[in-house]
Amino acid sequence: MRKLPVAALATFLLLLTGCDEPAESAAPVPCATGAASGQGSSAQANAINEWIRQYQIACAEAAVGYDSTGSGAGVRAFLAGTGDFAGTDAPLTETEQTTATTRCGGAPAAHLPLVIGPIALAYNVAGVADLRLTPATIAKIFNGKVTTWSDKAIAADNPGLVLPATPIRPVHREDSSGTTANFTRFLAGAARADWPYPPGSAWPAPGGLARSGSDRLAAAIARTDGAIGYAEASYARVNELAMALVGDARGDFAAPTDQAAATAVASARSTGDLRLEVNYPDLYGGAYPLVQVTYEVVCRTGASAVARGFLAHAASPAGQAAASRAGYAPLPDTLRERVAAEVATLR
């Protein structure tokens, strides 16, 4: 019997096993033989796992692994020479970029923004639904200035809502986290008068419950009455947690939807190398201000062929459609095309 070429066989297997996928999933996948590995952000784990599933269905001779260790641990491992890429919810610092250039043989590492989505303020308060919180109130909750759900600051954000005197139990990340970096960047940018700490991947404020990983943080909120915490929205959805609406720069409130997050990212400025910078005063009119971009950091030269093919698939229309089904916002078309072009330059 005549053997099918590898590419034709891969397409046949994808169609056979993924008949419930949208039409764009049948587009050619850039297959390669061998292995690739990454580590880092837990916020993007659901999207990464879906991309791995799709890529390995299409490319039977490829193996892709990803360890959901948190952004900080992922970056440290990548800088130490482990794996092909790191997932991080915050761009590399200047010091990290210098180390990455050395690790990558003298060429700066590439930042590929591949996963975007809202950071949810998930909460668990008996009898409270449709909660609204301004940036100032959020800052006061997480720095310990507002300690009960019936506080006048929360009441002012929610006129007519009956609020219990339940103690507030803030939950934050214990590990070094890009989600923490984005959350504290939001607080520093949108509530500067009420948040005295600089942005960073380590939680800066005293008190509260600390949990490692997005999944454990969401689980802690789910089982703690009075809890509130921040996590990539797909984790709040999976755990069926209530999510607060967040105030924008003009006093309106936006829900943490994928479309609202994509609107916020579409207005972000590029500071070079596809690193995006959100200007919080520019976010209004339906843009959700508490948004997160996860980057895959990869060497411009020396990444395995499987890593390059896998990242190309993630940046494709099919890959972004898969991320959307996994609970994330797809990249705006213009940004997706820029990312795909950048992936194509990797060697």
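Predicted model: local features only at pLDDT ≥ 70, side-chain atom pairs only at ≥ 80, totals over all residues.
Residues are numbered from 1 along each chain as its sequence is written, and side-chain values use heavy atoms, with hydrogens and water left out.

Let's begin with strand 14, which covers residues 291–298. The helices (H or I, at least four residues) and strands (E, at least two) are DSSP runs, numbered from the N terminus. Eight of the eight residues in strand 14 are buried, so the strand is largely enclosed by the rest of the structure. "Buried" here means under 20% relative accessible area, "exposed" means over 50%, and "partly exposed" is in between, using a 1.4 Å probe and protein chains only. Follow the side chains along the strand: Val291, Val293, Tyr295 and Val297 point one way, while Gln292, Thr294, Glu296 and Val298 point the other way.

Which strands pair with strand 14? Strand 3 and strand 4 both do. Two strands count as paired if DSSP finds at least two bridges between them. Strand 3 (residues 85–88) runs antiparallel to strand 14 and is joined to it by four bridges; look for alanine 86 opposite valine 297. Strand 4 (residues 110–124) is also antiparallel to strand 14, with eight bridges between them. There, proline 113 has tyrosine 295 as its bridge partner.

Now move along to helix 11 (residues 305–314), whose axis comes within 10 Å of the axis of helix 2 (residues 45–58). The two axes cross at roughly 115°. Axes are lines fitted to C-alpha atoms, for helices over the stretch in contact, and angles run from 0 to 180 degrees between N-to-C directions. Helix 2 and helix 11 are therefore roughly perpendicular to each other. For these labels, under 35 degrees is roughly parallel, over 145 is roughly antiparallel, 65 to 115 is roughly perpendicular, and the rest is oblique. The crossing of helix 2 and helix 11 is right-handed. A crossing is left-handed if the near helix is turned anticlockwise from the far one by less than a right angle, and right-handed if clockwise.

Who does the touching? On helix 2 the contact is made by Ile48, Trp51, Ile52, Gln54 and Tyr55, and on helix 11 by Val306, Gly309, Phe310, His313 and Ala314. Contact means heavy atoms within 4.5 Å. Sorted by class, this contact has seven nonpolar, three polar and no charged residues. (Ala, Val, Leu, Ile, Met, Phe, Trp, Tyr, Cys and Pro count as nonpolar, Asp, Glu, Lys and Arg as charged, and the others, Gly among them, as polar.)

Stay in helix 11 for a moment and find leucine 311. Leucine 311 is buried, with a relative accessible area of 1%. Leaving out residues up to four places away in sequence, leucine 311 touches Leu112, Leu114, Glu296, Val298, Val343 and Leu346. Leucine 311 and proline 30 are 281 residues apart in sequence, yet 9.4 Å apart in space, C-alpha to C-alpha.

Next up is another helix pair. The axes of helix 5 (residues 135–142) and helix 7 (residues 178–190) come within 9 Å and cross at roughly 125°. Helix 5 and helix 7 are therefore oblique to each other, and their crossing is left-handed. Pro135, Ile138, Ala139 and Phe142 of helix 5 meet Phe183, Phe186, Leu187 and Ala190 of helix 7. That contact has eight nonpolar, no polar and no charged residues. Six of the eight residues of helix 5 are buried, so helix 5 is largely enclosed by the rest of the structure. After helix 5 comes glycine 144, with a positive phi near 85°.

Are they buried or exposed? Glutamate 240, in the loop between helix 9 and strand 9, is exposed, with a relative accessible area of 74%. Leucine 274, in the loop between strand 12 and strand 13, counts as buried at 5%.
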